[in-house]
Amino acid sequence: MLEMRPDCERKDGAFICSFECTFCSACADRLEERCPNCGGDLLERPMRTGAALKRSPASTERRFKR
């Protein structure tokens, strides 16, 4: 299951690769929708709602790549 990280590794946002590296739309555009960490596609992060969100809330922990 996706961890649903809250923000871009560089600033706010919600585009992810298959390893859950997370970037905002501006960064995704600059990176040509390609993850700089693994080379995978950056896609818009899906949203969780309703009962699924209650059972599995999105993460509030930010992660940064060095």
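Where in the protein does Glu32 lie? Glu32 sits in the loop between α1 and β3 (43-44), and I'll come back to that loop in a moment.

Hi everyone, a quick word on what we're looking at. This is a predicted model, in which local features need pLDDT of at least 70, side-chain atom pairs count only at pLDDT 80 or more, and totals for chains, interfaces and linings use all residues. Residues are numbered from 1 along each chain as its sequence is written, and side-chain values use heavy atoms, leaving out hydrogens and water.

On to the fold. The protein has 2 helices and 3 strands; these are DSSP runs numbered from the N terminus, with helices being H or I of at least four residues and strands E of at least two. Along the sequence they come in the order β-β-α-β-α.

How confident is the predictor? The pLDDT, its confidence in each residue from 0 to 100, averages 80 in the protein, and 73% of the residues score at least 70.

Of the 66 residues, 36% are buried, meaning under 20% relative accessible area, with exposed being over 50% and partly exposed in between (1.4 Å probe, protein chains only).

Now, back to our loop. Most residues other than glycine have a negative phi. Glu32, though not a glycine, has a positive phi of about 55°, and it counts as exposed at 66% relative accessibility. Glu33 lies in the loop between α1 and β3 too. Its phi is also positive, near 55°, but Glu33 is partly exposed, with a relative accessible area of 32%.

Key:
pLDDT is the predictor's confidence in each residue, from 0 to 100.
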